[in-house]
Amino acid sequence: MSRARTAGMAGLTGAVLALSLPAPATAAEHAGPSASAVANSRSGSGLSSVQWKSCPAYSDEVIRSLGVTEDKVAAFHSLMKRLECGTVSVPQDHRDPAGRKIDIAVTRLAATDEANRLGAVAVLPGGPGGSGYLDPILRVTLRNAEMAELNERYDIIGFDPRGVGYSTKVACEPGPRGPDKPGPLTKESARKIYDAQVAANLKCANSNPDFLGQLTTDTVARDLDQVRTALGDRTLNLLGLSWGTYLGAAYRSLFPTHTGRVFLDSPAPPWTRLDRHIEESAAAVERNFGRMAAWLARGEATYGLGATAKQVRKQVVKLVRDYDKSPKTYTDLPLPIDGSAVADLARRNSTEWARAGKALSELRTATGTTAPPTVKELLGAPMGAPVPGAPEMTNATMNWAVTCNEDGSRPSFDTTWHDYRRLQKRFAATGRSWGMTALCSGWPLPVQQATLKRGSGSLVLAAHLYEYMSVYDWALQTRRAVGGTVYTIADDVHVSATRVPECAADLVKYFETGRIDSGCEGSGTPN
């Protein structure tokens with residue numbers, strides 16, 4: 001995400017980005033199972049609703065671009081041979097089931113212990129706009145040994161939501177990128193950005209309102225239930241990640257009798273106002289910076305930013321103001337360094353405190369025409385071009401449409417400017433890393449809130465104590481809205497439950513037994 005945000009929504013969305021969207025892989029294909037005897041035995045009449053086909057083939061270069069380390073590339077290929085790939089036809093508008101149809105791309109890794117199979121777990125991707133097509137591999141079986149155990153007694157289901165990846169989608173031209181010069185945002189520049197965003201919103205929404213107007217959380221939940229029917233499963237168990245937690249809550253509310261066990265990691269709030277989302281996320285960022293400042297103070301000999309948290313905060317606020325007053329341009333960085341870049345370093349989670357602290361230290365004394373090494377490492381990497389043949393992992397148009405279809409704020413310029421200025425003043429260390437709340441201003445399609453109802457079914461809300469992308473209190477709000485049990489992860493890292501072995505073991509135990517402990521340590525705080 002660009003440091004110069006025109007609109008941000010941490011957790012549920014980010015700013016709409018100018019992504020270069022790769023085409024689906026169409027080269028030589030793996031001959032994965034298309035309709036195994038195992039699948040036939042349990043899918044019954046629903047099997048004909050899944051159009052099974054060979055899975056895409058991915059080169060080693062593509063696989064590495066997906067974040068797979070070199071030592072796991074061979075395992076990825078092996079899992080692709082087990083993966084089943086297909087599409088399910090669903091109505092574009094579920095209120096008109098006889099009308100136009102669209103395709104939802106689906107994948108399945110069948111349980112390895114078929115004799116003791118417990119059912120199917122659908123992985124619900126983040127975003128909105130994230131791909132889940134390869135999640136049975138990337139998020140589960142290849143993640144770590146603990147997560148791989150989930151596939152022993154459960155089929156793992158992945159899918160691309162409508163508007164993403166191999167599913168039916170459309171593309172809008174991206175909105176404005178942000179200010180045209182570094183330093184504090186002026187009211188004049190803000191007005192230009194706002195007007196450009198409104199124009200982009202009108203152009204996008206009106207380009208294909210029949211399709212874009214159906215990009216909502218509820219609609220994706222209804223698609224998922226048709227996938228369940230097509231696969232022949234009486235119920236779906238759900239593993240929701242980030243925005244997938246909101247999707248999971250909506251699915252459970254709409255289809256309680258079709259819902260099994262549900263584990264939602266980094267729960268989204270039970271509301272979708274973009275302005276409130278940014279305000280509460282920004283407050284959580286500033287709180288977590290207090291933890292970062294205290295940690296940096298303990299390493300004063302290394303970072304030189306102060307011996308107390310108060311001194312570190314004062315130094316970082318000074319850096320924000322100094323770089324806003326006099327931005328620096330380096331020949332090896334794509335963007336100048338201003339106060340927003342400093343604030344971006346101050347908002348990092350604990351896995352990056354050491355590098356962010358080093359970069360902040362470097363900025364105190366930086367001279368010359370090239371960026372200091374850690375500054376370049378953290379702030380210098382532009383978004384690279386997609387590797388040929390790589391699957392689309394994020395769709396900006398779907399992100400944009402779902403966010404704006406469900407955002408009830410859609411503020412005027414005066415409101416946007418007032419909120420932006422207030423946020424900058426309230427959060428002196430990290431506020432400059434946030435943009436205006438204008439992402440959905442002028443979006444002309446009706447507001448469509450997701451359906452959330454309290455239920456009695458099994459539900460775990462895995463909340464991260466210090467996180468800002470999904471604020472801890474949002475899990476408590478969601479519990480009040482839909483029920484469930486809060487499982488506390490004592491870290492600040494978004495959707496870390498599947499990555500941390502201790503937490504992943506609890507997750508798998510929950511799906512196997514329905515029982516879970518009160519929480520886990522998570523990624524922890526660096527020494």
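**Close-up views of a predicted model**

**View 1. Strand β8 and its two partners.** Val262 stands opposite Leu459 in β8. The model shown here and in the other views is predicted. Strands of a sheet pair through backbone hydrogen bonds, either parallel or antiparallel.

**View 2. The side chains of β8.** Leu459, Leu461 and Ala463 point one way from the strand, and Val460, Ala462 and His464 point the other way. In a regular strand the side chains alternate between the two faces of the sheet. Is each of these side chains from β8 buried or exposed? All are buried. Because six of the six residues of β8 are buried, the strand is largely enclosed by the rest of the structure.

View 3. Ten strands form an open sheet with mixed pairing, in the order β1-β2-β3-β5-β4-β6-β7-β8-β9-β10. The edge strands are β1, residues 50–53, and β10, residues 519–520, each of which pairs on one side only. Helix α9, residues 217–231, packs on the sheet and touches β1, β2, β3, β4, β5 and β6. The direction of α9 makes about 125 degrees with that of β2. Helix α19, residues 472–482, packs on the sheet as well, touching β8 and β9. The direction of α19 makes about 160 degrees with that of β8.

**View 4. The pairing of β3 with β5.** Strand β3 covers residues 101–109 and strand β5 covers residues 154–160. The two strands pair in the antiparallel sense over five bridges. Thr107 stands opposite Gly158 in β5.

**View 5. Helices α11 and α18.** Helix α11, residues 274–298, packs against helix α18, residues 413–426, at an angle of about 5 degrees. The axes of the two helices are 11 Å apart. Angles under 35 degrees count as roughly parallel, and α11 and α18 are therefore roughly parallel to each other. On the α11 side, the contact is made by Asp275, Ile278, Glu279, Ala282 and Ala283. On the α18 side, the contact is made by Asp419, Arg422, Leu423 and Arg426. What kinds of residue make up the contact of α11 with α18? Four are nonpolar, none is polar and five are charged.

View 6. Asp275 lies in helix α11. Its relative accessibility is 16%, so Asp275 counts as buried, the cut-off being under 20%. The side chain of Asp275 makes a polar contact of 2.8 Å with the side chain of Arg273. Leaving aside neighbours within four places in sequence, Asp275 is in contact with Ser409, Asp419 and Thr437. Asp419 is also one of the α18 residues that make the contact between the two helices.

**View 7. Surroundings of Thr374.** Thr374 lies in helix α16, which covers residues 373–379. Thr374 is buried, with a relative accessible area of 10%. Which residues does Thr374 contact, leaving aside its neighbours within four places in sequence? They are Arg355, Lys358, Ala359 and Glu362. With Glu362, the side chain of Thr374 forms a polar contact of 2.8 Å, side chain to side chain. Thr374 and Ser361 are 13 residues apart in sequence, and their C-alpha atoms are 9.5 Å apart in space.

View 8. Most residues other than glycine have a negative phi, and most peptide bonds are trans. A cis peptide bond joins Gly127 and Pro128, with omega about 0 degrees. Pro128 is placed in the loop between β4 and α4. Ser266, in the loop between β7 and α11, is a residue other than glycine with a positive phi, near 65 degrees. The relative accessible area of Ser266 is 0%, and Ser266 is buried. Val495 lies in the loop between β9 and α20. Although Val495 is not a glycine, its phi is positive, at about 40 degrees. Val495 counts as buried, at 8% relative accessibility.

Conventions:
Residues numbered from 1 in each chain as written. Predicted model: local features only at pLDDT ≥ 70, side-chain atom pairs only at ≥ 80, totals over all residues. Heavy atoms only, no water. Pairing = 2+ DSSP bridges. Helix = DSSP H or I, 4+ residues; strand = E, 2+ residues; numbered from the N terminus. Contact = heavy atoms within 4.5 Å. Axes fitted to C-alpha atoms, helices over the stretch in contact; angles between N-to-C directions. Parallel < 35°, antiparallel > 145°, perpendicular 65-115°, else oblique. Nonpolar A, V, L, I, M, F, W, Y, C, P; charged D, E, K, R; others polar. Buried < 20%, exposed > 50% of the residue type's maximum accessible area, 1.4 Å probe, protein only. Polar contact = N/O pair within 3.5 Å; in protein donor to acceptor, adjacent residues only side chain to side chain.
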